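Trainee: I am new to this one. Could you walk me through it?

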Amino acid sequence: MKKGVEYTGVVTKLGFPNKGEVDCREDGVATVKGTIPGQTVRFVVSKKRAGKSVGRLKEVVEKSHLEDVTPKCPHFEFCGGCSYQTLSYKNQLSLKKNMVKDILDNAIKSEYDFEGIIESPVQWEYRNKMEFSFGDEYKDGPLALGMHKRNSFHDIVTVNKCRIVDEDYRKVMDCVLKHCSERELPFYKKLKHEGYLRHLLVRRTTRTKQMIVAIVTTSDEQWEKQAQLDVMVEKLRALNLEAELCGVLHIINDGLADIVQSDETRILYGQEYIYEELLGLKFKISVFSFFQTNSLGAEVLYSKARDYIGDTKDMTVFDLYSGTGTIAQIIAPVAKKVVGVEIVEEAVHAAKENAELNGLDNCEFIAGDVLKVIDDIKDKPDMIILDPPRDGINPKALQKIIDFGVDKMVYISCKPTSLARDLEVLQQQGYKVEKASAVDMFPGTVHVETVVALHRTDL
Ligand SMILES: C[S@@+](CC[C@H](N)C(=O)[O-])C[C@H]1O[C@@H](n2cnc3c(N)ncnc32)[C@H](O)[C@@H]1O
């Protein structure tokens, strides 16, 4: 295959998360992102990497047999948020299950029990957090607020009819966009580093029905005067929302990277945090602390993890990468002690408060990098729970974790390819995978969680 040339072929296989292997018969095979097995696609070869061709999708010439429903969301064609809305939920689950199983089968060297995929209790309006971007739908078009257009770095699609969030989000999004458009506020141009509006963060809990809204802008004082954010707050408070609006924040971010971070957070109204309930426990969460984005799905995931963790009576358990301490607190009532380690200080602070709120006095939460912190923990673990970020575990940290020599570990992962890499190391060093299960927390999208139970065999 030649770079810059167009080819047409059939997607035969899917690599995580959405990299289709396209068979073009005598012309060869290419990897094309954003495709679904069974589709016939036209693409242009954009890269050659180690002799392999990588293509950019131009057109789906023929749909896949898996695409058996009409997308419920009017933005689906353009929005880069969801990829699987043309698939019935049954087909989405089977696609994700097979993808996870293939990755695990390749990485796991001995017999193990693959328990399939557990579905999300809700397929629509499940998100308890969204991060929307300001921009325009096309160059110099009107102000937009929503998600990045599929395969686009610049263009934003206003997603005020998005189906994976509920009506409250849609009302807030409309209200903020209308206010900012009326005030003629410019969005922040990522390459020129100028402008004002950057992101809108919304958190809305499922069980407690509480909401927090944060508008992220640069520190430009001129635009700030024109913005009249106090007027926007009053408009937000006047909305007829199902949830209680507990806080409106103004986050200042002058950072050059296109990520949400705070140089300064100002409370425009109410408070900086809200509460959510999971499996009967209460959790205080802020806009920045990590919290699973599908609350009802999280209960399913944590229940599966708890099932794999098994009996922890009289045990000291390490919950590494503990976020706001959710897993630690689910285990604490049936363990001697739980030690959580988390790098975001604010999340650790929340974890401590949460433990107190839940009347748990056998949890300790330590702020810091797992790689460094575990050297200094006085307690010795009897079992370890791992729930690292997408890239998996730093190799040096993984070695230190293995050196504890615990009998049992449970690994929760949101990226099965990183999990597979870490499992290879764990197996080389005496651990055996007993069982694994995929859990779908993100219907409509390519994402999936995996839980794995391991035990040590070389004792
Ligand atoms: C997938 S989340 C899991 C959080 C938690 N277990 C839960 O279910 O809510 C991963 C967490 O690891 C934290 N993290 C990332 N790198 C870390 C590191 N090097 N050391 C400690 N924590 C880290 C992140 O801030 C995030 O809270």
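Trainee: Among contacts between residues at least 6 apart in sequence, what share joins residues at least 24 apart?
Mentor: This is a predicted model: local features need pLDDT of at least 70, side-chain atom pairs count only at pLDDT 80 or more, and totals for chains, interfaces and linings use all residues. Residues are numbered from 1 along each chain as its sequence is written. Two residues are in contact if their C-beta atoms, placed from the backbone, lie within 7 Å. Take the contacts between residues at least 6 apart in sequence; the share joining residues at least 24 apart is 62%.

Trainee: How many helices and strands does the protein have?
Mentor: Both are DSSP runs, numbered from the N terminus: helices are H or I with at least four residues, strands are E with at least two. The count is 10 helices and 22 strands.

Trainee: What percentage of the 459 residues is buried?
Mentor: Count the other C-beta atoms within 10 Å of a residue's own, with C-beta atoms placed from the backbone: 20 or more is buried, 12 or fewer is exposed, and in between is partly exposed. Across the protein, the buried part is 45%.

Trainee: Which residues does UniProt list for "binding site"?
Mentor: The record is an unreviewed entry. UniProt positions are given in the numbering used here, feature names are shortened, and annotations may be inferred rather than shown by experiment.

Trainee: Is Gln 292 buried or exposed?
Mentor: Gln 292 sits in the loop between β15 (281–286) and α5 (295–309). Leaving out residues up to four places away in sequence, Gln 292 touches Gly 297, Ala 298, Leu 301 and Met 441. It has 22 other C-beta atoms within 10 Å, so Gln 292 is buried.

Trainee: Which residues does Tyr 321 touch, not counting those up to four places away in sequence?
Mentor: Tyr 321 lies in the loop between β16 (316–320) and α6 (326–331). With 19 other C-beta atoms within 10 Å, Tyr 321 is partly exposed. Its contacts are Glu 342, Val 370, Leu 386, Asp 387, Pro 388 and Pro 389.

Trainee: How are α2 and α4 oriented to each other?
Mentor: Helix α2 (residues 167–182) and helix α4 (residues 229–237) pack at about 150 degrees, with axes 10 Å apart. Axes are lines fitted to C-alpha atoms, for helices over the stretch in contact, and angles run from 0 to 180 degrees between N-to-C directions. Angles under 35 degrees count as roughly parallel, over 145 as roughly antiparallel, 65 to 115 as roughly perpendicular and the rest as oblique. The pair is therefore roughly antiparallel.
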